[in-house]
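Dear colleague,

I am handing over the structure below, followed by my notes on what was found in it. Please read the notes with the coordinates open beside you.

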Amino acid sequence: MKPKVNKNANKNVRMKAARALKEMSQEDLAKAVGVTRQTIGMIEAGDYNPTLNLCISICKVLGQTLDGLFWEE
């Protein structure tokens with residue numbers, strides 16, 4: 001019997017939700033932090049591990065903490 005895999009385990013749904021609360025598109029957030037829309041999409045999909053500096057920039061723009069957006073429990 002195969003173990004169940006949580007397909008959302010690596011997705012950053014908290015970042016996506018925080019972005020939606022600010023009514024920002026991926027493009028809006030990308031411009032605000034100096035990256036491409038594709039980079040934001042990859043972070044939200046769990047396909048890219050951002051640098052600490054990028055995480056901090058995203059948190060500042062979204063008004064969130066590092067723990068709130070990026071810390072996995």
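Helix H1 (13-21) has a face turned away from its buried side, and that face carries the exposed residues Val-13 and Leu-21; helices here are DSSP runs of H or I with at least four residues, numbered from the N terminus, while exposed means over 50% relative accessible area and buried under 20%, with a 1.4 Å probe and protein chains only. This is a predicted model, in which local features need pLDDT of at least 70 and side-chain atom pairs count only at pLDDT 80 or more, whereas totals for chains, interfaces and linings use all residues. Residues are numbered from 1 along each chain as its sequence is written, and side-chain values use heavy atoms, with hydrogens and water left out.

The buried residues of H1 are Met-15, Ala-18 and Arg-19. Because they cover an arc of only 100 degrees around the axis, they lie on the same side of H1, the arc being that of the directions from the helix axis to the C-beta atoms. These buried residues pack against H2, H3, H4 and H5, where contact means heavy atoms within 4.5 Å. Just after H1, Glu-23 takes a positive phi of about 55 degrees.

Since Arg-19 lies in helix H1 and Glu-44 in helix H3, the pair ties together parts that are 25 residues apart in sequence. Both Arg-19 and Glu-44 are buried.

Turning to helix H4 (residues 52-62), its buried residues are Leu-54, Cys-55, Ile-58, Cys-59 and Leu-62, which cover an arc of only 140 degrees around the axis and therefore sit on the same side of H4. They pack against helix H1 (13-21), helix H2 (26-33), helix H3 (37-45) and helix H5 (66-70), while the face turned away from the buried side carries the exposed residues Leu-52, Asn-53 and Lys-60. Gly-63, which follows H4, has a positive phi near 70 degrees.

The axes of H2 and H4 come within 9 Å and cross at roughly 115 degrees; axes are lines fitted to C-alpha atoms, for helices over the stretch in contact, and angles run from 0 to 180 degrees between N-to-C directions. The contact is made by Leu-29, Ala-32 and Val-33 of H2 and by Leu-54, Ser-57, Ile-58, Val-61 and Leu-62 of H4.

Best regards

Note on methods: Helices (H or I, at least four residues) and strands (E, at least two) are DSSP runs, numbered from the N terminus.
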